[in-house]
Structure formats: structure tokens, C-alpha cells
Amino acid sequence: MDLNVLWFILVAVLYAGFFVLEGFDFGVGILLPFIGKKDEEKRAAINTIGPVWDANEVWLVLAAGATFAAFPQWYATLFSGFYLPLLFILVALILRGVSFEFRSKLLSAKWRGLWDATAFIGSLFPPLLLGVAFANMLKGVPIDANMDYTGGFFNLFSLYALLGGLTFLGLSALLGALFLNLKTAGSVQENAEAIAARLWIPVFVVLVVFVAWTLVTTRDVLAFLAIVFGVISLTCIVAGYLAARAKRDGWAFGLLVAAIATNVATIFASLFPNVMVSSTDPAYSLTIINASSSAYTLTVMSIVAAIFLPIVLAYQAWNYWVFRKRISAKVEDLHY
Amino acid sequence: MDALELARSQFAITTVYHFFFVPLTLGLAFITAIMETLYVSRGEEVYKQMTKFWGKLFLINFAVGVVTGLVQEFQFGMNWSEYSRFVGDIFGAPLAIEGLTAFFLEATFIGLWVFGWDKLSKKLHALSIWMVALGSTVSALWILVANSFMHHPVGYELVNDRPILSNFWELIFNEHVMTQFPHTVLSGYVTGAFFVMGISAYHLLKKNNVELFSKSFKVATVFGLFAIVGMIMVGHAQAQLMVKQQPMKMAAAEALWDSEDPASLSLLTISNEETGESSVDIRIPGALSFLSYNKFTGEVKGINDLQKELESEYGAGNYVPSIFINYWSFRIMIGASFLMAFLMFVALFVWLKLKFKLKSKWWYLLTASIALPYMANTTGWLLTELGRQPWVVYGLLKTADAISPNVPAGYVMTSLAVFAILYGLLMVVDVFLLIKFAKDGYVEEPIPSTVNVTAG
């Protein structure tokens with residue numbers, strides 16, 4: 001297979017993996033204020049993602065790193081162009097990261113309340129702003145002949161972009177609720193189930209509008225594939241809703257995972273063969289050809305990925321398996 | 001300040017901050033792993049308590065190391081897009097490989113380690129912290145492969161005036177990496193050793209839990225002795241390489257204005273950088289040649305000659321980095337390092353001769369000496385990065401040509417302020433928590449619950 005195409009797909013897979021895995025991490029953080037009033041209830045929620053959130057976040061680091069390695073022009077244009085939103089995302093991720101570690105270190109309610117608030121904010125803004133970023137990548141932003149973004153801050157927040165942000169935010173919240181429903185017991189699990197039940201329909205509505213709008217923005221090349229992914233995404237969320245109604249919670253979670261992954265696939269299939277679309281002039285768009293590294297670099301990266309990706313997936317999967325048991329709000333069981 | 005200066009300041013601040021936490025992660029992961037291995041092999045409860053105590057401090061520090069690292073991954077693209085475009089073919093690969101081989105390893109196994117005490121077998125649980133130690137060390141390797149390319153570009157060919165990767169093995173086995181990597185990792189191990197030794201000394205003075213802290217002190221001393229001696233030896237090798245690969249950096253570090261053969265080592269030099277005149281210049285004749293070449297002869301080029309050479313090779317411009325920063329960073333780094341080596345032998349004395357019976361309040365200086373590795377780590381990085389200026393990639397790209405042209409200075413000022421304030425606050429919280437839990441000594445779990453936490 002063509003190396004440039006392979007790496008486009010790999011980058012897409014990394015971002016999809018990130019949105020799924022961090023999706024429920026963000027979701028748990030977003031639901032923290034709503035999952036229970038008692039300290040141990042909030043702690044139980046945090047402890048479900050405790051063993052896995054850091055490794056999940058690495059998917060974003062790797063997605064950024066892989067973008068840099070395989071498509072350095074894309075990395076440069078995207079990250080310098082979306083400067084302020086990325087700054088907010090970084091601040092959010094920093095706050096979230098330390099919140100989990102610091103939160104239960106002191107007994108003070110004020111201290112724990114502070115870190116709960118930062119965990120909430122730190123979980124809310126990344127999916128929102130990253131959804132905005134991806135929508136903009138596809139829709140097109142002002143990019144000049146030097147591959148530099150020439151727009152300002154506010155044109156990043158078009159209606160389509162905000163919709164993209166809202167979509168990923170909603171999907172994360174719902175996935176977080178479903179995850180908690182699977183991983184907790186007692187009052188936390190009941191609250192999670194109730195929240196999930198209320199989120200399905202609003203999230204579905206947002207997703208439908210976003211997918212439809214995305215497909216309208218699709219370039220010609222992979223239009224058919226993009227439509228297929230889009231339809232699968234919507235089918236999966238509907239099926240997930242039905243599964244949840246039928247109390248098939250594992251299926252509901254799995255189907256929503258599929259919905260998120262295929263939603264990301266829809267975006268990337270619509271984007272192909274561009275990686276960043278220029279609204280100034282299509283000739284200035286970044287493509288998998290003009291934004292990429294040399295064939296040698298892509299080959300080296302492919303070999304390294306072929307060796308290590310399976311190993312990583314194996315021990316990450318094992319991590320989830322080790323912590324498969326439900327967590328109840330009992331202080332003796334809570335490490336965070 | 002203009003956009004370039006702001007971007008440089010931001011990179012310096014975020015990197016120095018990140019490198020406050022990374023060395024301790026490197027060293028303390030290894031030390032904690034050793035302690036848990038002792039627990040698994042000897043079965044004594046005290047080793048488990050040591051693992052949990054030092055592990056708790058490790059985790060507080062690790063968290064801030066991780067989050068400050070996120071910024072690094074993004075910052076190249078955000079603030080240095082021209083740099084990213086220019087070196088992307090070569091520089092991006094080690095960063096991606098770092099994520100794939102190192103970050104995943106440490107991030108996954110730290111989760112297993114923190115939460116898996118009751119779920120994993122003793123051996124598997126100990127293996128987890130070894131994987132964290134391995135992950136952080138491998139992480140250092142790949143980022144230093146990338147950084148070494150900046151100092152001494154290898155394994156590339158120029159295509160349309162842009163470097164393209166031509167030999168991955170040359171990139172990895174860059175001579176610069178061969179000294180930079182062990183030197184940096186060992187400095188991390190030294191940091192861990194001093195952290196453990198210093199805190200242990202505090203508790204030994206107070207006669208708290210003497211068994212736990214004397215055993216900790218022993219581990220730290222053995223580990224620290226090997227590490228500090230190794231670090232100094234490799235540092236010396238790195239300096240010898242510096243004379244060959246980046247002679248201007250050495251000349252600046254030595255405030256050597258004119259080429260000398262044999263070359264003298266500066267004891268104290270105070271220069272006016274504008275005029276190139278030194279008001280004070282106390283030097284040891286021949287010593288710089290000896291350190292550079294293992295013999296008392298051999299030319300070491302001076303700043304003035306190098307400036308002329310670099311101009312004729314690369315065109316008009318100022319190729320002289322800040323003498324003040326390079327000179328004093330070099331001295332502080334080396335001074336702190338020799339003091340640390342001395343203190344490690346003092347630690348040996350505390351162990352073998354005093355048998356941990358500490359009375360005099362002067363021993364609190366051992367606790368204060370935790371500051372020494374931090375001073376050395378920071379000045380080391382200031383020397384190596386600022387000494388490379390005006391180059392961001394030596395001989396290929398100047399820092400001034402590397403920033404993102406489309407990012408307004410106002411944006412950079414915003415991010416600089418945000419990071420400086422946020423990192424500052426995190427540092428305060430981090431140090432506060434470390435001091436609190438270090439002072440508390442070993443405490444049994446579980447973490448108690450708070451009554452009446454208000455909803456979000």
C-alpha cells in the first residue's frame with residue numbers, strides 16, 4: 001500500500017483511538033459533579049479510570065507525534081494555526097492530570113472540591129475544543145501558499161465547528177456514563193445509568209446533524225466511504241440506545257465506541273486526500289503528498305509501528321482486564 | 001519583547017520546569033523498583049513500607065512531570081512551525097517513537113502499579129514499577145536522539161536545502177547521543193538518590209522510623225555513588241566532544257576569547273561581552289588542553305577566532321552565545337556535581353562509621369543538599385541549549401528563522417504568561433505536598449473520606 005495513504009489511515013486510527021479511550025475518561029470527569037454528592041462516590045468514579053487514563057492520554061501524544069513524524073507540514077500548520085484553542089486544551093489537560101493525583105491527598109473538603117472543579121473543567125474543554133479543531137480541519141480555514149494559517153481566533157468558531165465540538169462533548173459524556181454504568185456498583189452505578197438514559201437522545205440529535213453536515217462538506221474522492229462510515233455511526237448509536245433500553249449494557253458501550261470510531265472515520269474519509277483544507281484557495285490545501293515526510297522516514301516509522309503497536313495494544317488490553325471488576329464507593333478499595 | 005524572544009522565553013521556562021520533575025521521576029522510579037525488589041526477595045515488611053512511602057512521593061512528582069510534558073509535544077508545532085517544517089522529516093520520528101515505546105509503557109504500568117497491589121502477584125507488581133523505570137529511561141533516550149540531532153546533525157542529506165532522513169541508525173547512534181543520554185539519565189538517578197538520602201537524613205535526625213529510613217539511606221547511597229561517579233565521567237566525555245563538535249560553546253563556557261595552545265582553564269573570568277575585554281581572568285595554564293585532549297598541549301579555539309570562522313562558513317552574523325550564561329552555568333553545574341560527589345562519600349561515612357546515629361543539626365545540610373542536583377540539572381540544560389545559539393540546528397537552521405511566522409506576539413505573550421503562572425502554582429502545590437508527605441513519614445492506608453463535599 002502507498003505509505004502516505006497508510007499513514008493517513010494510521011493517524012486517523014490514533015485519533016479515533018484517542019477519542020474513544022479518552023472519551024470515557026473525559027466523560028467521567030464531566031459527570032463528576034453529577035455522579036453523587038458524597039466524597040466516596042466521586043472517588044469511586046475517578047477510581048474507575050484511575051488505572052487507565054494516563055495511558056489513554058498517551059494516544060493523543062502519539063497522534064500528535066505521529067502527525068509530526070509522518071506529516072510534519074500538517075503538524076506545523078495545524079498546531080501553529082489553532083494556537084489559542086490548543087493553549088486552552090493544554091491548560092485543561094494539565095489541570096485534569098494533576099487533579100486526579102492531588103485530589104484525595106488532603107482531607108479538606110475545600111481542597112477536594114477545588115480539584116473536582118479542575119477535573120471537571122479539564123475534562124469538559126478538551127473534547128469540545130478538539131471537536132472544533134477537527135471540524136475546522138475538514139471545513140477549511142484560511143491557509144496561504146506557505147501552508148500557514150492566516151485566520152484569526154473567532155473564525156475557528158463557526159456553527160459547524162461548534163457543532164463538531166458539541167458532538168464530541170456529548171459523545172464523551174454519554175460514553176463516560178455508560179462506562180461508569182459498567183464499572184461501578186451501588187449508588188454511583190444507578191446515577192450513571194440514569195444520566196446515560198437522558199443523554200442518548202440529545203447526543204443522537206447532535207450527531208445526526210453533524211454527520212449530515214459533514215457529508216455535505218465531503219470532497220469527491222472518498223465520498224462513498226465517508227457516507228458508509230457516517231451511516232454506520234448513526235446506526236451504531238441507535239443500536240446502542242436500544243441495547244441500553246434492553247439492559248444489555250456491555251453492548252450499549254461497545255456500540256457507542258463503534259459510533260465514535262466511525263464518526264472519526266467519517267471525518268477522515270471526508271478529508272482524504274487532504275489533511276488540511278485551505279478556504280483561501282484549494283491549491284493551498286495540505287495533502288497527504290505535499291505535507292508528508294520522505295518515503296524513507298515513512299518506511300522506518302512503519303517498521304517501528306508494526307513491531308510496537310501490537311505489543312502496546314496487548315499490554316493496554318491486559319491493563320483493562322486486570323481492572324475489570326466493578327468498583328463500589330468503599331473507602332478501603334479506593335486508591336485515589 | 002518581540003515574538004522570537006517571547007517564544008524562546010516560553011520554551012526555556014516550560015522546558016526547565018519539565019526538567020525539574022523528570023530527573024526525579026527517572027531516579028525515584030529506579031530506587032522504588034529496587035526497594036520493591038528487595039521486598040519481593042527478602043519478604044520483610046519494612047521494604048514494602050519503603051516502597052509505598054517513596055512511591056507516594058514519586059507519584060506526586062510524576063503527575064506534574066507528565067502534564068508539563070504534554071506541552072512539550074505540542075510546543076514545537078505551536079511556536080516553532082518553521083522549525084517543525086524544516087526538521088520534521090528527521091525530528092518527528094524519534095518523538096513518535098518515544099510515544100510508542102516509552103510513554104505507553106510508563107503510563108500503562110504506573111496504573112497497574114498504583115491500583116494493582118491487591119490484584120497482581122508480588123512479582124508482577126514489582127515488575128510494573130520496573131517497567132515505569134524502563135519507560136522513563138527509554139523516553140529520555142528518544143528525546144535525546146532528537147535533541148542530539150539539533151546539536152550535531154547526522155544521518156541526513158539535503159534535498160532542496162532541507163534535511164531529509166537518510167540513515168536512521170546514524171541518527172540513533174549519533175556520537176552526541178552516546179554521551180548526552182547516559183549523562184542525562186545518570187543525572188536523574190543522582191537526583192533520586194539525593195532526594196531519598198536527604199529526606200532520610202531528616203528522619204534519622206528526628207529518630208523517626210529509623211529502620212525504614214536507614215535502609216532507604218543505604219539504597220540511596222549505593223545508587224547515588226555509582227550514579228554520581230558515572231555522571232561526572234560521562235560529563236567529562238561530553239565536554240571533550242563539545243570541544244570538537246561545538247567549539248564555540250566550550251569557548252563561551254570558558255570565557256576563552258583568544259585561541260590558546262596549550263589552553264588554560266578559567267578559575268574566574270569576568271568579561272565585558274560588548275568589548276571582549278576581561279577585567280578579571282584567573283586561569284590555570286594548560287589545564288583546558290589537558291581536559292580536552294588528555295595531554296597538556298592542543299589548541300582550544302577562542303571566541304574571536306571562532307566568530308570569524310563561523311562567519312566565513314555561514315555568512316555574516318553573530319555566532320557568539322551569551323558568555324555570562326554559558327560561563328556561570330558551566331561552573332555551577334560542575335561545582336554542584338563535585339559537591340554532590342563529596343556528599344555521597346559523606347553519606348557513606350554516615351552509614352559505615354556513624355551507623356546512622358546523627359545528632360548535630362548540621363546534618364540537616366544533607367536534606368538541604370536535595371537542591372544541588374536541581375541546580376546542576378538546570379544549569380546543564382541552560383549551558384547546552386543556550387550555548388548552541390544562534391543555532392537551533394547547528395549549522396543548518398538559526399533560531400531566529402525557526403518561529404511560527406503567523407502567530408502574533410500577543411498570542412505568545414498570553415501563552416507565556418499562562419504557562420508561567422500555571423506552572424508556578426503547580427510547583428507550589430507539588431512542593432507543598434512533597435514536603436508534607438515527606439515529613440509525615442510512612443502512614444498506613446486507606447485514604448479517608450471527607451464528609452460533606454459539595455457537588456461540583
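How many aromatic pairs does the structure hold over all chains? In this predicted model, the total over all chains is 66 aromatic pairs. One of these joins Phe24(A) and Phe179(A), whose ring centres lie 4.1 Å apart with their planes at 10°, so the pair is stacked. Because Phe24(A) belongs to helix 1 (residues 3-31) of chain A and Phe179(A) to helix 7 (residues 159-183) of chain A, the pair ties together parts that are 155 residues apart in sequence. Phe24(A) is buried, with a relative accessible area of 3%, and Phe179(A) likewise counts as buried, at 6% relative accessibility.

In chain B, the rings of Tyr83(B) and Phe91(B) have their centres 5.2 Å apart and their planes at 75°, so this pair is edge-to-face; both Tyr83(B) and Phe91(B) are buried. The two pairs are set out in the table.

| Ring pair | Distance between centres | Angle between planes | Arrangement |
|---|---|---|---|
| Phe24(A) and Phe179(A) | 4.1 Å | 10° | stacked |
| Tyr83(B) and Phe91(B) | 5.2 Å | 75° | edge-to-face |

Ring pairs also link residues of chain A into a cluster, among them Phe8(A), Tyr15(A), Phe18(A), Phe134(A), Phe168(A) and Phe272(A).

Another buried residue of chain A is Leu256(A), with a relative accessible area of 0%, and this residue is found in helix 10 (residues 249-271) of chain A. The C-alpha atom of Leu256(A) is separated by 8.6 Å from that of Ala239(A), which is 17 residues away along the chain.

Turning to the surface, which residues form the nonpolar patch with about 590 Å² of accessible area together? The patch consists of Leu159(A), Ile201(A), Val205(A), Val209(A), Trp213(A) and Val216(A), and its largest share, five residues, comes from helix 8 (residues 187-216) of chain A. Val216(A) lies in helix 8 of chain A, and because exposed means over 50% relative accessible area, Val216(A), at 69% relative accessibility, counts as exposed.

Chain B contributes a surface patch of negative charge, in which Asp258(B), Asp261(B), Glu299(B) and Asp305(B) gather. Of these residues, Asp305(B) is found in helix 10 (residues 303-314) of chain B. Is Asp305(B) buried or partly exposed? With a relative accessible area of 32%, Asp305(B) is partly exposed.

Key:
Residues numbered from 1 in each chain as written. Chains lettered and ligands numbered in written order. Predicted model: local features only at pLDDT ≥ 70, side-chain atom pairs only at ≥ 80, totals over all residues. Heavy atoms only, no water. Patch = residues over 30% accessible without salt bridge, like charges linked within 9 Å, V, L, I, M, F, W, Y side chains within 5 Å. Areas by Shrake-Rupley, 256 points an atom, 1.4 Å probe, with all protein chains shown as cover. Salt bridge = Lys/Arg side-chain N within 4 Å of Asp/Glu carboxyl O. Lys, Arg positive; Asp, Glu negative; His and termini not counted. Charge placed at Lys NZ, Arg CZ, Asp CG, Glu CD. Helix = DSSP H or I, 4+ residues; strand = E, 2+ residues; numbered from the N terminus. Buried < 20%, exposed > 50% of the residue type's maximum accessible area, 1.4 Å probe, protein only. Phe/Tyr/Trp six-rings, centres within 6.5 Å; stacked < 30°, edge-to-face > 60°.
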